[in-house]
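Please keep the structure open on your screens while I talk.

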Amino acid sequence: MQNYKILWADDEIDLLKPHILFLNNKGYDVVSVNNGNDALELIEEESFDLVFLDENMPGKSGLETLTAIKAAHPNLPVVMITKNEEEQIMEEAIGSKIADYLIKPLNPNQILLSAKRILDNVRIITEKTNLSYQQEFAKLSMALSDDHDFESWAELYRKLIYWELQIDNTEDKSMSEVFQMQKNEANSKFTEYIKSHYEGWITGSDTQKPLLSNEVMKERVFPETDSLPVIFIVIDNLRFDQWETIEPEISRLFEVESKDYYYSILPTTTAYARNALFSGLMPLEIEKMYPDYWVGEDDDRSKNSFECELLERNLERERIAISFSYHKVIHAKDGKTISENIENLLDHKLNAIVYNFVDMLSHARTDMQMIRELAPDESAYRSLTKTWFAHSSLFETLKKLSEKEVKVIITTDHGTIRVRRPEKIVGDRNTNTNLRFKQGKNLAYDEKAVYSTKNPEELKLPKLNVSTSYAFATEDSFFAYPNNYNYYVNYYRDTFQHGGISMEEMIVPLIKLKSKP
């Protein structure tokens, strides 16, 4: 244990010598003074890791001393100790950002626990997390050898996310590499599962299937519109681990009624998955039923220009006669407009709002060197998402909605994965540019390394011509053309992409919130 240095200021310090000796025996170096002025002088002369501060001292009071300490050393943790249990004093101390608040009479273990919680918190968490993950590693490895269905895959994925976030909070990250190997193994086996079952889900031959993109509105959203207004929020590209980072802030505003999931269809891209989400149809069905609303890969127009119209057609087919609104937030002013006009949303039974920030972040990370520096890995990517959310118009909108009687459903259209392994592919000039799936004719690739179909209709996917096929990248791979191969690989490796098969892209959050009583 590191040898920490503690300053203890109390006008009855002589009576506390047994506590000081107890801390000394536990390895803490304690320096004592009996007034606030001496404490402030010592803090300027010496370096301390923690201050125990009596609230009721003659001369400069504990609260006055606390204010002076925080003004000069805002990051120095201070524990306020008092006989006084008045709420006003507690609030003043807490407002001054104290690290802990203890009530006299004290006992030695109470003091020790406070010091450990503040000074050794990270070390203790790291040691406990690493030990717990080592014990869990074998269980997870055994679980990976089992036969899984779609439910147990979702459960396993969420267990992996739990441990990823726990390890992310440790100090030395010594388990990170081991965990990454285990997650890679899981994605490898998940890929084999999808290869064996996905076509059956789409054709209906496999009746044991998960909720898919095209079923979400009918099964999870429309039924909620019977009573309160529903706010249906789609945060493009939101992975389950990113949801976990913003959930604490949201749960302060709403009760999390259910934390569910669904499986994104292939390709796991906005053009396919989100159109399927709003329309209630698979891409081939959209192309056939509403050709004016389907924008193919050979078309330069935006692939998601008709989500509002597709949602309207979906409601009509289900014979649901309700008023609805649709909003897409691309720029800050779009989100601000929604936040400032909450009452207008409440005039409708269903309000769909698409936030494109996370999607833009993933693309910006590919295109901008600064973003690549800010988000070099999943941990930093989650951190950027959390920072965005804390200062976003979405958070402001949710704050206002939390004061209303509404139902809120938060989901996404697909996730993303950090790609590392290039897979060579050859296609003609009309082949699409996505790094995780290719649509074209005469595609050439290693069939063992991809999931492919030469009959797109079987997966209910449209095709440009008779010989169109689809190829999907798996696990953490991405497609690269042989010409200019090294430059292409170095440019895109370690970027976040979507369109293929991985737990991160396919198993996505579907969260239901309700107003707190």
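This is a predicted model: local features need pLDDT of at least 70, side-chain atom pairs count only at pLDDT 80 or more; totals for chains, interfaces and linings use all residues.

**Salt bridges and backbone details**

Let me start with Lys 183, which counts as buried because its relative accessibility is 4%, where buried means under 20% relative accessible area, exposed means over 50%, and partly exposed lies in between, with a 1.4 Å probe and protein chains only. Residues are numbered from 1 along each chain as its sequence is written, and side-chain values use heavy atoms, with hydrogens and water left out.

So what does Lys 183 meet in a salt bridge? The partner is the side chain of Glu 504, at 3.5 Å from N to O, a salt bridge being a side-chain nitrogen of Lys or Arg within 4 Å of a carboxyl oxygen of Asp or Glu. This pair links distant parts of the chain, with Lys 183 in helix α8 (residues 176-203) and Glu 504 in helix α21 (residues 503-506), 321 residues apart; here helices are DSSP runs of H or I with at least four residues, strands are runs of E with at least two, and both are numbered from the N terminus. Glu 504 is buried as well, with a relative accessible area of 4%.

By that rule the count comes to 43 salt bridges, and I will pick out two further pairs. Glu 285 forms a salt bridge with Lys 460, with the closest N and O atoms 3.7 Å apart. Because Glu 285 lies in helix α12 (residues 283-289) and Lys 460 in the loop between β15 (450-453) and β16, the pair ties together parts that are 175 residues apart in sequence. Glu 285 is partly exposed at 27% relative accessible area, and Lys 460 is likewise partly exposed at 27%.

In the other pair, Arg 436 bridges to Glu 505, and the closest N and O atoms are 2.4 Å apart. Arg 436 sits in the loop between β12 (421-426) and β13 (437-441), whereas Glu 505 belongs to helix α21, 69 residues apart. Arg 436 is buried at 0% relative accessible area, and Glu 505 is also buried at 0%.

There is also one network, joined by salt bridges that share partners, made up of Glu 378, Arg 418, Arg 420, Arg 421, Glu 423, Glu 475, Asp 476 and Asp 494.

Most residues other than glycine have a negative phi, and most peptide bonds are trans. Asn 237, which is not a glycine, has a positive phi of about 75 degrees; Asn 237 is in the loop between β6 (230-235) and α10 (240-251) and is buried, with a relative accessible area of 0%.

And which form does the peptide bond from Lys 104 to Pro 105 take, with omega near 0 degrees? That bond is cis, and Pro 105 lies in the loop between β5 (100-103) and α5 (108-119). The bond from Leu 266 to Pro 267 is cis too, with omega near -10 degrees, and Pro 267 lies in the loop between β7 (254-263) and α11 (270-279).
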